[in-house]
Amino acid sequence: MGKLSKPGPTSLGVVKHPAIGIRLPELFLPGILTAYKARNVAGDLMLSFGRETAPEQVIKAKPGVWEITRGHTGTSIKKYMTMGAREATKAGVTVEIEADHLIVIGSATAAVQRIAGYHAESHISPQELKKSLEYNKLAVDEAAATGVVGCFTTDTSDLFWLEADRLSAARVRKLFAERFKPTEARKLLARYGRKRTFKAPGGKQVSVSISGVRAMRLALKFQDSLKINAQIYRYCKRKLGRKPFSFEISLDETADMTDPKETLFYLTEWKALGLPCHYFAPNIGFGKRADFKGDMAALERRTRQHHAIAQGVSKALLSIHSGSGTTPYSGKGKGTYEALLAATGGELKYKISGVYFELLMEMLAALAPRSKGRKLYNEIFDAVLKLLKTEVRKGGPLAQPLLIEQLDKYDRQVKRNPRKKRDPRADFFRFNSYLALNMRDEAGKRYFRDALVKYVKGDQEFRSRFDEEVKALTLRLIDGLDFADNLG
Ligand SMILES: [Zn+2]
């Protein structure tokens, strides 16, 4: 821990910090690192393993071997990790390189559907589970081999047995008795049944109690998730040997919000397994790529509960996922950062990713109509629209109700106002523009990804304006959540 302020990659341990997805590290790193440096922030650089990045062999495979949604940035694990570490060292900035969202799930498409609010309730099959674990191990191997990874986040939301929430008490008792050995069951139940009180910021207190039946219900709901999470933790530990790393558990990719009792149960059981948790991500009611529009006082209240429990049980900080708002300029909506700061006393981790690519698209869309950058934007927009319309027509996996609604809305808007054509803020585009990065020609070239990097790097004027905007976006996050000088 003494080397914390040394430039380059490290494992931060439990420290408040921003975590930023570097989908196009070639283009986003300069602005992000300048902002980290300007505020003396040790921050996190990440990509999600379940969606955004993938092992090199997947990135390099022929088109069509894998789903378009898998590793959709076209940036491999090895590439973003080594590039992030190298550039941070050069810039004199301390960073943590994170393997984000190791998702245990049936398919990469199912993982992406969740972003659009579609949560399949079908349980993953034993074969799918085996395949998913093998894939995740391959990904962990590549991360470990870089020698710079400092944090792993797992997402086992797909392993929750949601049916448990709807069972009668009698049924819960019966199934619990069947699925847990008597000694294990006795020990588990001894951990619950009384009120637990935890300290919260500002001299406040949070009290939670879990009844015996509730504990049995939660045990059934989380049994598989806890088991697989522990397997992944132990695998990471084995791969990293003596190297320190932090471990983040996320439960957030669910249709419903996480109940504070679930946080208490999950972390208590995790601790009983003798395992550490440095960051914990409950679902606090945030939607992806949308400002928070709900009841601010209620958000603050539930965040305080999760925070106090995570601190009290595991000394963990909350990690806030789905941190991007409706536009690159809106944060997460007015008052949201303030509510989170009040609830956590400023001790939190906060993740954003998609918004940097949205910023790039917006800036290209604003260029003069005949310019090279604007033409590239037009091509990207048209290609994404075409791909999605084809997907809807064919009833493909991306053709979820939300997408169909967003496409209809876009058509209506353009009809009413032709100037809305190719609007970078059209919802269907904001939610799906990332697909352009993984469109490939017959030779396997990612022509839009390559063209974007070439254009931005080659146009000095645009490049410096873009770096400034990336820096400003990052500073809004750092300042909004009070992350400056986070190593003290
Ligand atoms: Zn998440």
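**Reading a helix face and a covered strand**

Colleague: Which residues of α14 are buried?

Modeller: Leu403, Gln406, Leu407 and Tyr410 are buried in α14. Seen down the axis of α14, the buried residues fall within an arc of 100°, so they line one face of the helix. Bear in mind that this is a predicted model.

Colleague: What does the face turned away from that buried side of α14 carry?

Modeller: Read the opposite side for exposed residues. Here that face carries Pro401, Glu405, Asp408, Arg412, Lys415 and Arg416, which are exposed.

Colleague: Which elements do the buried residues of α14 pack against?

Modeller: Look for contacts, meaning C-beta atoms within 7 Å. In this case the partners are α13 (372–394) and α15 (427–432).

Colleague: Now a strand. How many residues of β2 are buried?

Modeller: Count first, then check each face. Strand β2, residues 17–21, has five of its five residues buried. Both of its faces are covered. His17, Ala19 and Gly21 lie on one side, and Pro18 and Ile20 lie on the other.

Colleague: Which strands pair with β2, and in what sense?

Modeller: Take the bridges strand by strand. With β13 (residues 348–352), β2 pairs in the parallel sense over four bridges. In that pairing, proline 18 stands opposite tyrosine 350. With β3 (residues 43–48), β2 also pairs in the parallel sense, over three bridges. There, glycine 21 stands opposite methionine 46.

Colleague: Step back. How many helices and strands are in the chain?

Modeller: The chain has 17 helices and 13 strands. Its radius of gyration is 22 Å, close to the 23 Å that the globule rule gives for 488 residues, so the chain is as compact as a globular protein of that length. The C-alpha trace spans about 70 × 55 × 45 Å along its principal axes.

Colleague: What share of the residues counts as buried, and what share of the contacts joins residues 24 or more positions apart?

Modeller: Of the 488 residues, 49% count as buried. Among contacts with a separation of 6 or more, 79% join residues 24 or more positions apart.

Technical notes. Residues numbered from 1 in each chain as written. Predicted model: local features only at pLDDT ≥ 70, side-chain atom pairs only at ≥ 80, totals over all residues. Buried ≥ 20, exposed ≤ 12 C-beta atoms within 10 Å, placed from the backbone. Helix = DSSP H or I, 4+ residues; strand = E, 2+ residues; numbered from the N terminus. Pairing = 2+ DSSP bridges. Arc of directions from axis to C-beta. Contact = placed C-beta atoms within 7 Å. Rg over C-alpha atoms; globule rule 2.2 N^0.38 Å.
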